[in-house]
Amino acid sequence: MLYPVLHRLERDGLIESEWKETDTGRERKYNFLSADGHKALKAERQQWLTVHNSLCKLWKIKPLSI
Amino acid sequence: MADRSQLPVQIMENQTPFDLNAAIEGWRNELAAQPNLAADDRRELETHLRDAIAEFQQHGLSGEEAFWLARRRVGPPELLGEEFVKAEPVKVWRERAYFIMLFGQATGSFEGLLSAFREPPVGSRTRPDSRGEPDILDILCRLRRPPRPEMKKAARDSPPFL
């Protein structure tokens, strides 16, 4: 389920949200990454790349440049 | 026998036309019964449900089909309540960081173990894919040298009782 995850990200300060009215007149909640969220994304990416590179070396595969 | 032949007819007759507003109202009540969902959360979830219904209807689905599909996409109300308060995020992150560290160490020592059986030694390996950044695996391998394989070999070659 997507929305509980977004909710938790927001509680954690990684995303921020804003209610905006759409063309249809209904309100809709928009989410965007906060400064902390950008930092967390960068750290997360680095961690997964470390795991990825470790496995590539272990299995002798050339790591894909991402 | 007679009952069985009448059954499909009865179902057709009993079927009431689907009322989308009533269905959404029912869904809203289900959501309201969840103790963990604040009013603002419920309001948000309802906008998602309505957006999804509108989207599916634009793709040609009937109101009923669109409702059930949207309900499924947003998530069953009884599970949404649980998910919203699930595991403190800090705890999840800590667990994941621990897993990554453990995993990095495990592959590091495993690689160290493998490289101990072949030349050249760990520190002087040529790495064509290296782009000059410090390499955590190399550092771990240097820190965690496995026992030398020669020791085991020597122990195996010498007769145990002599």
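Glu18(A) counts as partly exposed, at 36% relative accessibility. Its side chain meets that of Lys20(A) in a salt bridge, with 3.7 Å from N to O. Lys20(A) is partly exposed too, with a relative accessible area of 42%. The model is predicted. Over all chains, the count comes to 14 salt bridges.

**Salt bridges between the chains**

- Arg28(A) forms a salt bridge with Asp51(B), and the closest N and O atoms are 2.8 Å apart.
- This pair joins two chains, because Arg28(A) lies in strand β2 (residues 27-33) of chain A and Asp51(B) in helix α3 (residues 39-58) of chain B.
- Arg28(A) counts as partly exposed, at 30% relative accessibility.
- Asp51(B) counts as buried, because its relative accessibility is 17% and the cut-off for buried is under 20%.
- Glu83(B) forms a salt bridge with Arg8(A), the closest N and O atoms lying 3.0 Å apart.
- Here too the pair joins two chains, since Glu83(B) sits in helix α5 (residues 77-84) of chain B and Arg8(A) in helix α1 (residues 2-11) of chain A.
- Both Glu83(B) and Arg8(A) are buried.

**Salt-bridge network in chain B**

- Four residues of chain B are linked in a network of salt bridges: Glu25(B), Arg28(B), Glu46(B) and Arg50(B).

**Chain A overall**

- Chain A has two helices and two strands.
- Read from the N terminus, its elements run α-β-β-α.
- Chain A has 66 residues, and buried ones make up 29% of them.
- Take the contacts in chain A between residues at least 6 apart in sequence: 6% of these join residues at least 24 apart.
- The accessible surface of chain A comes to about 4,700 Å². Carbon and sulfur atoms account for 57% of that surface.

**Helix α2 of chain A and its flanks**

- Helix α2 of chain A covers residues 35-58, which is 24 residues.
- From first C-alpha to last, this helix reaches 35 Å, close to the 34 Å expected at 1.5 Å a residue.
- The buried residues of α2(A) include Gly37(A), Glu44(A) and Val51(A). Ser54(A), Leu55(A), Cys56(A), Lys57(A) and Leu58(A) are buried as well.
- Lys60(A) follows α2(A) and has a positive phi, near 55 degrees.
- Ser34(A) is found in the loop between β2 and α2 of chain A.
- Ser34(A) is buried, with a relative accessible area of 5%.
- Leaving out residues up to four places away in sequence, Ser34(A) touches Gly13(A), Leu14(A), Ile15(A) and Glu16(A).

**Largest nonpolar core**

- In soluble globular proteins, nonpolar side chains tend to be buried together.
- The largest nonpolar core has 19 residues. Those touching the most other members are Trp27(B), Leu45(B), Leu49(B), Ile53(B), Phe67(B) and Val74(B).
- At least two residues of this core come from each of these elements: α1 of chain A, and α2 (20-32), α3, α4 (63-74) and α5 of chain B.
- Helix α3(B) gives the largest share of this core, five residues.
- Phe67(B) touches Phe18(B), Leu20(B), Ala23(B), Ile24(B), Trp27(B), Leu49(B) and Ile53(B), not counting residues up to four places away in sequence.

Note on methods
Residues are numbered from 1 along each chain as its sequence is written. Chains are lettered from A and ligands numbered from 1 in the order in which they are written. This is a predicted model: local features need pLDDT of at least 70, side-chain atom pairs count only at pLDDT 80 or more; totals for chains, interfaces and linings use all residues. Side-chain values use heavy atoms; hydrogens and water are left out. Helices (H or I, at least four residues) and strands (E, at least two) are DSSP runs, numbered from the N terminus. Buried means under 20% relative accessible area, exposed over 50%, partly exposed in between (1.4 Å probe, protein chains only). The expected span of a helix is 1.5 Å times one less than its number of residues. Contact means heavy atoms within 4.5 Å. A nonpolar core is a set of buried Ala, Val, Leu, Ile, Met, Phe, Trp, Tyr and Cys residues joined through side-chain atoms within 4.5 Å. Accessible areas come from the Shrake-Rupley method with a 1.4 Å probe; for residues, only the protein chains shown count as cover.
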